[in-house]
Each structure stands twice: as structure tokens, then as C-alpha cells.
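Please look at the sequence and the model below before reading on.

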Amino acid sequence: MLRRVLPQLARALVGGSGEPVSGMAEVGASFARGRWQEWPAPQAAAVEEFLHAWWAHALTDPEPAVPVHGLLALCTEASATPGPWLAVWEGLDDEVADRHLAETAGHWEYDLLDDRLPWNGWRLDDEEAVRAELAAWLVRHVPARLRARDGHEELLHRVRLLGLTGPARWEDPHWPDRRS
């Protein structure tokens, strides 16, 4: 069924009128349930090309119809990995992409600090591995990209905490529950 409705669904999603009740990860799970990667090669390639084009555009769009954090959840669920999507983001040296990075880190920080995936993982085989990959990527890339921009001191501290474990994280003076 996904093959039949995909053109209309793609237009609605890119236009911002396809937001599901449970978030964009649910849409990605629908892609995964449709097993699009097993479709005939030209059709699978078209879906992959669509997802990559939408992702690349959203990262450089100052006001994408779908927030970047939601689109990353969709793409991760649809492909079962955040790696290719994070690699595209990593390759951008762009102020807009960095603003989306700050927004995404801010949106996800508390879930990641609580060692939870920042969306309902619908179809991921190993949610913990995906969560760990997201957290590690943020620890590696957020500081260098946001340090040059003002107003991110607290966010930088919380991202730093993602790289710590156990008491080192919870006893840090920047742990969110310890602030007065």
C-alpha cells in the first residue's frame, strides 16, 4: 500500500501537512513496515533519493516544514540507522544547519541524559545502540559547532554530560537536577 500512496504522502510530508499524532518517527516506521528497501531497485532507489533530498534540504532550510529532529527520527526509523543522516549533517558547515543542531540537541538532551531514545522507537532492532550513536555524535559535534555561537553555554554543558556515565554525570554541578 505504501507504494500506492507514497507520491501523495511525500507531498504532504514535505509540505508540513502530514504530521502524525505520535510524531514523525511513526511515519518512518510506516516506511520500514512497507519494507521499501526490498522493493524493486528503481522504486527503492527513488524512496532513498527522496529521503536524502528531503533531509539535505531541511538541514539548510531556516524554517523547514518538519523540524529537523523529527525528520531525523523519521529517516532513522525508515532506514534503521542514524549513520547516513548524521554523516550528511556532519559534512555541512552552515549556520542554519548549526542552528538546527542546537535546536535538536536542546529538544533531545533530557531524554538522552536519562539514557532514553528521544522518540518512540517503533521498528528499531536495537534502540540502545541508536541512542548511544546519537549521544556520541552530539558529544563529538555539538561543542565544536556551537562554541563559536553565543548563548549555548548551558546546552554545551548538558551535551558534555552525555559523554559521562554514572556518578560522574549525576554529580556534575551542571546536572539538570542539581541546578538551583
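## Basis and overall fold

This is a predicted model, in which local features need pLDDT of at least 70, side-chain atom pairs count only at pLDDT 80 or more, and totals for chains, interfaces and linings use all residues. Residues are numbered from 1 along each chain as its sequence is written, and side-chain values use heavy atoms, with hydrogens and water left out.

The chain contains 9 helices and 0 strands. Here helices (H or I, at least four residues) and strands (E, at least two) are DSSP runs, numbered from the N terminus. Along the sequence, the pattern reads α-α-α-α-α-α-α-α-α.

Of the 180 residues in the chain, 44% are buried. Buried means under 20% relative accessible area, exposed over 50%, and partly exposed in between, with a 1.4 Å probe and protein chains only. A contact is defined by heavy atoms within 4.5 Å. Among contacts between residues at least 6 apart in sequence, 60% join residues at least 24 apart.

## The nonpolar core

A nonpolar core is a set of buried Ala, Val, Leu, Ile, Met, Phe, Trp, Tyr and Cys residues joined through side-chain atoms within 4.5 Å. Which members of the largest nonpolar core touch the most other members? They are Leu51, Trp55, Trp89, Trp119 and Leu138, in a core of 48 residues. The elements that give two or more residues to this core include helix 2 (24-33), helix 3 (41-60), helix 5 (83-90) and helix 7 (127-146). Helix 3 contributes the most, with 8 residues.

## Packing of helices

Two packed helices are described by the angle between their axes and the distance between the axes. The axes are lines fitted to C-alpha atoms, for helices over the stretch in contact, and angles run from 0 to 180 degrees between N-to-C directions. Two helix pairs are set out in the table.

| Helix pair | Axes come within | Crossing angle |
|---|---|---|
| Helix 3 and helix 6 | 6 Å | roughly 95° |
| Helix 4 and helix 5 | 8 Å | roughly 140° |

Angles under 35 degrees count as roughly parallel, over 145 as roughly antiparallel, 65 to 115 as roughly perpendicular and the rest as oblique. Helix 3 and helix 6 are therefore roughly perpendicular to each other. In this pair, Ala58, Leu59 and Thr60 of helix 3 meet Val96, Ala97 and His100 of helix 6. The residues of this contact comprise 4 nonpolar, 2 polar and no charged. In this division, Ala, Val, Leu, Ile, Met, Phe, Trp, Tyr, Cys and Pro count as nonpolar, Asp, Glu, Lys and Arg as charged, and the others, Gly among them, as polar.

Helix 4 and helix 5, by contrast, are oblique to each other. Val68, Leu72, Cys75, Thr76 and Ser79 of helix 4 make this contact with Trp85, Leu86 and Trp89 of helix 5. Its residues divide into 6 nonpolar, 2 polar and no charged.

## Aromatic rings

Rings of Phe, Tyr and Trp (its six-membered ring) pair if their centres lie within 6.5 Å; planes under 30 degrees apart count as stacked, over 60 as edge-to-face and the rest as tilted. The count by this rule is 4 aromatic pairs. The ring centres of Trp55 and Trp89 are 5.6 Å apart and the planes stand at 80°, so the pair is edge-to-face. Because Trp55 lies in helix 3 and Trp89 in helix 5, the pair ties together parts that are 34 residues apart in sequence. Both Trp55 and Trp89 are buried.

Ring pairs also link Trp55, Trp89 and Trp137 into a cluster. Trp137 belongs to helix 7 and is buried, with a relative accessible area of 3%. Leaving aside neighbours within four places in sequence, Trp137 is in contact with Leu86, Trp89, Glu90, Leu101 and Val142.

## Selected residues

Glu109 has its place in helix 6. Is Glu109 buried or exposed? Glu109 is buried, with a relative accessible area of 6%. Not counting residues up to four places away in sequence, Glu109 touches Leu155, Arg158 and Leu162.

Arg35, in the loop between helix 2 and helix 3, is exposed, with a relative accessible area of 52%. Its phi is near 45°, a positive value in a residue other than glycine.
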